[in-house]
Amino acid sequence: MRKDSHSIETFAAWMLALLWLLPLAYSFWSAFHPSEYATRFDITAPLTLDNFAKAWSQAPFARYYLNTVMLVTLVLAGQLVIATLAAYAFARFRFVGRDVLFALVLVQLMIMPDVLIVENYRVISGLNLLDTIPAIALPYMASAFGIFLLRQTFKSVPNELVEAARVEGASSFGVLWRVFVPLGKTTYIAFGLVSVSYHWNNFLWPLIVTNSVESRPLTVGLAVFGAPETGVDWSVITAATVMTMAPLLLAFLLFQRQFVQSFMRAGIR
Amino acid sequence: MRFKTKALLTAGFMTIAGLGATAAQAVDLTMYYPVAVGGPVTKIIDDVVQRFQKENPDIKIEAVYAGNYTDTMTKAMTAMKGGQPPQLSVLFSTDLFTLMDEKAIVPIDELAGADGQEWLKSFYPAFMENGQVDGKTWSVPFQRSTIVLYYNKDAFKEAGLDPEKPPTTWAEMAEMSKKLVKRDASGNVTRWGVEIPSTGYGYWMLQALAIENGQKLMNEAGNKTFFNENKTVEALRYWVDLSAKDGVMPKGAVEWGTLRTDFLEGKTAMMWHTTGNLTAVKEGAKFNFGVAMLPAKEQRGSPTGGGNFYVFKSASPDQQKAAVKFIRWATAPERAAEWSIKTGYVAVTPAAYETETMKAYVKDFPQAVVARDQLKHAVAELSVHDNGRIYKIVNDAVQAAVTGTQTPQEALESAQKQSERVLSRYK
Amino acid sequence: MVASVMSATEPKSARRRNWVKSVNAWLLLLPAMVLLATFTHYPIIATLYHSFFSLGRSGPAEFVGLENYRYMLDDDVFWQVLRNNFIFALATVPTSIALALLMAVWVDKKIVGRSFLRLAFFTPTVLPMIAVANIWLFFYTPDYGLLDQFLKSLGFAGHNWLGDPSTVMTCLAVMVVWKEAGFFMIFYLAALQSTPPELKEAASVEGASRWYFFRRVTFPLLMPTTLFISINALINSFKLVDQLVIMTKGGPNNASSLLLYYIYEVAFNFWDTTYAATLTVTLIAILAAVALTKFVYLDRRIHYQ
């Protein structure tokens, strides 16, 4: 009886998993087969890379890749530095206005830059940064989430380690660099993965502030490319879609454990 | 202090992104353009720009594809508000009032030089209508179209209809559609009679129907609309009844973007679409197809449609001059003919139809001139102040009606009420 | 705690040291605070400020008091997108939470192919919404889309899924649940793995039915996680609009439009930035209300540590 219910559950779990993979599997099917087979599933259908070649030649995807990589790097680098400094201050210093400032940081946790598009657009254009990669990155550069995570981590650093470093004559920065940063490694990885996947996938804000091929990230490039008006072949659109997803998907498959654990870590705190 | 921080940040990031000042001798132009039809349009435009640059090495044009018309207008305006306007753009011919209200553009006749007036007279007058206000020409026709009826001749034969006699009236279209609908054994429709797209360009289709019913949708000054007139309501009712009563059109919103594929896949025997799609249909059709003028109620008719060249006010005199040079080059008869052949858009000057290339093409493919011939029945496309907003209001009304959420009367009453609210500022 | 211990070690000139410490801390915080002020605090205040002004398209912007708010309350589309947004939240939040819990329970125990299952459930989370929307768009395409083909092979009629106001929301909700459930599963999984193993053993030894154990022990233990996820999911449902740009543009007749998408439209298609600011104030108010709930909860957790 119990065994039965067990295998029924296993079966159900597998069905759900297959259902969950179906959309992805389908996009791969249609990307790797000629367009006649886009909606016909025939196991003998010939495989082809034509769709990728077409997509690649019809829009500047190479440039879009470069833009996205630059964007993600810029955001992450900025976030890590800024959040580390801020978290250090919050976790290890006692100073006037700490609680107020921390509350001000937390404001960003609920009112994300994503919803402030109208005014942030004004700010960015006031800074004369429209249509640049920094324009996409800046609003996200100070991450309340990152500060919050690192602060928790830094708080749990044992006091003895700090004292030991102090005795050796390390300055405030020295302590931060030699004690806190190494101990925060897992948090950094966790935050980094979450941040990279967020900004690789971000769309609405980049759509608003970019105008040209030179600054468009992949997501915006894909949206512009796939507009149904152009009637681009369905298989070619899926090929472009697969190209957009591929790097993250690949990274995810390779470092599955780290990804899951990172998202977990980032979430529980 | 605060300003300094910003300036510093700016400077810092400018270097990071490697955006050094671009020192160039040549005149640099940025041009946004939309794509609303099938085929390798971006490639065609790139090619046009390349060839122009070869002939004019002192001018560099960066052509930026920014989506459909609405997206492109959004981009152009966003860039302008952000202080980086393009120097020229292809935008809806009907965005004129909006662009004028935003003080974004300059009249072109003043830039065109001594023979400018003559040049501007060489275009089809129907295409110039949307571009002329207060005796000035603010835009030059480029990718212009009318709506035509595409029909599947093979399907006509199969249904016992004469493939050389497309419908000429509303009643005929409804009747023929009934014969063209095909069902499978279980009664599900496998082929519809006719499809009129209701997303994106629903206002355009509604305007076609209204014109055919003898009703204008707006006044010349662009500050009054006639959405709730009886004849407009009648026009929308006819459209809605094609699916609700006659059952010859699918229920719900019909996608503009995928309609061509529907037609090519044989899912519908007829479709209303822009002639700009003609070449893509020709390339993709595995059956014989015909192109006809839209059927009449009181009269034939279609609004013109599509995009014009605009020159932006903020561009330097040199840039403006270079922009006009490009526009003249791109609309010259040979190029206009070539563009028309590659896409299906109507060539913008009569002279283009006199070129040898065009004559040869039309001889083999007479469908190519239907849209041009329809010009004599054509009316300027709906164009008012705050155009984007009014389009959205009409599109919403059309969608509310075709999905059965509201009756045509209710939907259009509400559209009229909302439009009046928006337009009251421009009286 | 730690900081007070550190400063207590050297009582001499403690005041001066405190002062230096404050300056140090402020310097460390400077970059973060400048950026936050520029891109979060200032925009929030500016939004509020601009919502009281006229657009000034043909003249200088004037103070108009609550005029924009009156316009908003009069705007049918505003009420519709607000209603849509709540329906969207109601449709996606509980469903994805329930599915996430189910998935987590499955992959927490020894089940055949556990890591494959985890992978399958989690994958949609790392994909860009834009790509996902492209794929699902084709699922829903009438007649030759995958869904219609499947239905037709079973003898049902096709349907215009995204073109029908009565089905479009459900279609989008299904897609979003698919995308998000795996993400929330992770939180449950984390919570489940920190459940004391003795408890699980106790349950199996006593032979308590699994359902009973789940209902009386596991689920209550997971309550904080559930609350946390609900709030996150709720916030997400207000900022997730990428799919609309690709799939429906908010149509037909605004049936699938959401508040943030409407703001985008008003601001960047119609260039009515003051009205967009007014709408944004509403959105901020909603998010702030959600956040207050969150804070009551978060504060408690912070105190624990």
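Author: Let's start with a pair: in E10 of chain B, B:Val291 is the bridge partner of B:Tyr150. This is a predicted model, so local features need pLDDT of at least 70 and side-chain atom pairs count only at pLDDT 80 or more, while totals for chains, interfaces and linings use all residues. Residues are numbered from 1 along each chain as its sequence is written, and chains are lettered from A and ligands numbered from 1 in the order in which they are written.

E10(B) covers residues 289-292 and pairs with strand E6 of chain B, residues 140-152. The two run antiparallel, with four bridges; pairing takes at least two DSSP bridges. Strands (E, at least two residues) and helices (H or I, at least four) are DSSP runs, numbered from the N terminus.

Now try a loop. A:Ala38 sits between helix H1 (2-32) and helix H2 (50-58) of chain A. A:Ala38 counts as buried because it has 23 C-beta neighbours inside 10 Å. The rule: 20 or more other C-beta atoms within 10 Å is buried, 12 or fewer is exposed, and in between is partly exposed, with C-beta atoms placed from the backbone. Leaving out residues up to four places away in sequence, A:Ala38 touches A:Ser30, A:Trp234 and A:Ser235; contact means C-beta atoms, placed from the backbone, within 7 Å.

Definitions and conventions:
Contact = placed C-beta atoms within 7 Å.
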